[in-house]
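The sequence and the structure are shown here for reference.

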Amino acid sequence: NLSTVSEFVFVGLSDAPEIRLLLFVLFLLVYLATMAGNITLLVAISADSHLHTPMYFLLGNLSLLDLLCPTITVPKMLGALLLEHKEISFPGCLLQHFSLIAVVGTEIFLLTVMAYDRYVAVCHPLRYPSIMSRTLCAQLALATWATGLLNSLLHTSLVFTLSFCGPNKIQQYYCDIPPVLALSCSSTHSRELVILLVAGVLGSGACVVTVVSYIYILLEILARDSPGIWHKAFSTCGSHLTVVCLFYGTTICTYVRPSFTYSPHWDRVVSMLYGMFTPLLNPIIYSLRNKEVKCALKRVISQV
């Protein structure tokens, strides 16, 4: 009711027809590869009894998030590239914004839970089955989804209860916080502070838990000092650590900063990294670095 803007218009990635077609083909292939990789990983985890463990239960949740993240934004972007249909309604923009922030937030908390899981596996291997029980894993996964949804509800209410009465061109290929805030004709300073504070507290809390978990893992490795311990620890934690660095680096660059540092061109590149290429790389990273996943995939393929 506060808004006089009924729709927003995405600024295209390129106005040249030949470049648009090339980008459409490229992003379509990336999207299809992302879908195929994560669906294959989910099928392998579900079908193979050897992967019915806490680590792979959490990895299955990560693959589900990696399916949702590009699905929220990429189809609309492909439509804009191919059909030049760049408009999105105000409710549609709100829903896209809410869904994306929920998925991104949930993934941050899920990666934190996965770091704790790796800490227990390395530092308390004998007690791992009793600590990381099915009940606890289900509770932790449910808590990550609930926290992500509540965090997104707060951010979305702060952004979309502003007044929008002027320009409606979003300098992005989806409804993200910085470019939408830039279009408001209300004062956004106080709400930006709240968004930064909430994102900073939750993000830094998740980051601290992840870092502390890996510090304990490192101390445990140094204390044991047994042959092959470094290789075993890296095979256990290497995939997760790679995904964490990739995801945290891109999301922090996008969200944890004031709006006056917003750069449309740079942010499009960064958002594509965590919105399209990170979900593509995650199943590849876990498949290449994990013998159990590779064996499970071979078994599934042979059964098919």
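## Disulfides

In this predicted model, Cys93 and Cys175 form a disulfide with their sulfur atoms 2.0 Å apart. The link has -130° about the S-S bond and is left-handed, and it ties together distant parts of the chain, since Cys93 lies in helix H3 while Cys175 lies in the loop between E3 and helix H6 (177-181), 82 residues apart. Cys93 is buried, with a relative accessible area of 0%, and Cys175 is likewise buried, at 1%.

The search of the whole structure finds two disulfides, and Cys165 and Cys185 form one of them, their sulfur atoms 2.0 Å apart. With 140° about the S-S bond, the link of Cys165 and Cys185 is right-handed; Cys165 sits in the loop between helix H5 (134-160) and E3, and Cys185 in the loop between H6 and H7, 20 residues apart. Here Cys165 is partly exposed, with a relative accessible area of 47%, and Cys185 also counts as partly exposed, at 42%. When the bonded cysteines are numbered in sequence order, the pairing is 1-3, 2-4. Two further cysteines are buried: Cys69 at 4% relative accessibility and Cys137 at 3%.

## Overall fold and strands

The secondary structure of the chain comes to ten helices and three strands, and from the N terminus on the elements run β-α-α-β-α-α-α-β-α-α-α-α-α. Strand E1 (residues 7-10) is joined to strand E2 (residues 87-89) by three bridges, and these strands run antiparallel, with Glu7 standing opposite Ser89. E1 is also joined to strand E3 (residues 169-170), by two bridges and in a parallel arrangement, and in this pairing Val9 stands opposite Lys169.

## Annotated transmembrane regions

An unreviewed UniProt entry lists residues 20-44, 56-74, 94-116, 136-154, 193-217, 229-249 and 269-288 under "transmembrane region". Over residues 56-74 the model is 100% helix and 0% strand, with the end C-alpha atoms 27 Å apart, and over residues 136-154 the chain is also 100% helix and 0% strand, with 27 Å between the end C-alpha atoms.

## Cores and surface

The largest nonpolar core has 61 residues, and those with the most contacts inside it are Phe27, Leu59, Leu62, Leu111, Met114, Ile217 and Met276. Several helices each supply at least two residues of this core, among them H1, helix H2 (54-83), helix H7 (189-224) and H9, while H3 gives the most, with 14 residues. A second, separate core of 19 residues includes Phe8, Ile101, Val159 and Ile177.

Of the 304 residues of the chain, 47% count as buried. The accessible surface comes to about 14700 Å², of which 71% belongs to carbon and sulfur atoms. Among contacts between residues at least 6 apart in sequence, 79% join residues at least 24 apart.

Thr34 is found in helix H1 (residues 17-47) and is buried, with a relative accessible area of 1%. Leaving aside its neighbours within four places in sequence, Thr34 is in contact with Asp66, Leu67, Pro70, Met276, Pro279 and Leu280.

Is Ile284 buried or partly exposed? With a relative accessible area of 39%, Ile284 is partly exposed.

Terms used. Residues numbered from 1 in each chain as written. Predicted model: local features only at pLDDT ≥ 70, side-chain atom pairs only at ≥ 80, totals over all residues. Heavy atoms only, no water. Buried < 20%, exposed > 50% of the residue type's maximum accessible area, 1.4 Å probe, protein only. UniProt positions renumbered as here; feature names shortened; annotations may be inferred. Helix = DSSP H or I, 4+ residues; strand = E, 2+ residues; numbered from the N terminus. Contact = heavy atoms within 4.5 Å. Core = buried A, V, L, I, M, F, W, Y, C linked by side-chain atoms within 4.5 Å. Pairing = 2+ DSSP bridges. Areas by Shrake-Rupley, 256 points an atom, 1.4 Å probe, with all protein chains shown as cover. Disulfide = S-S within 2.5 Å.
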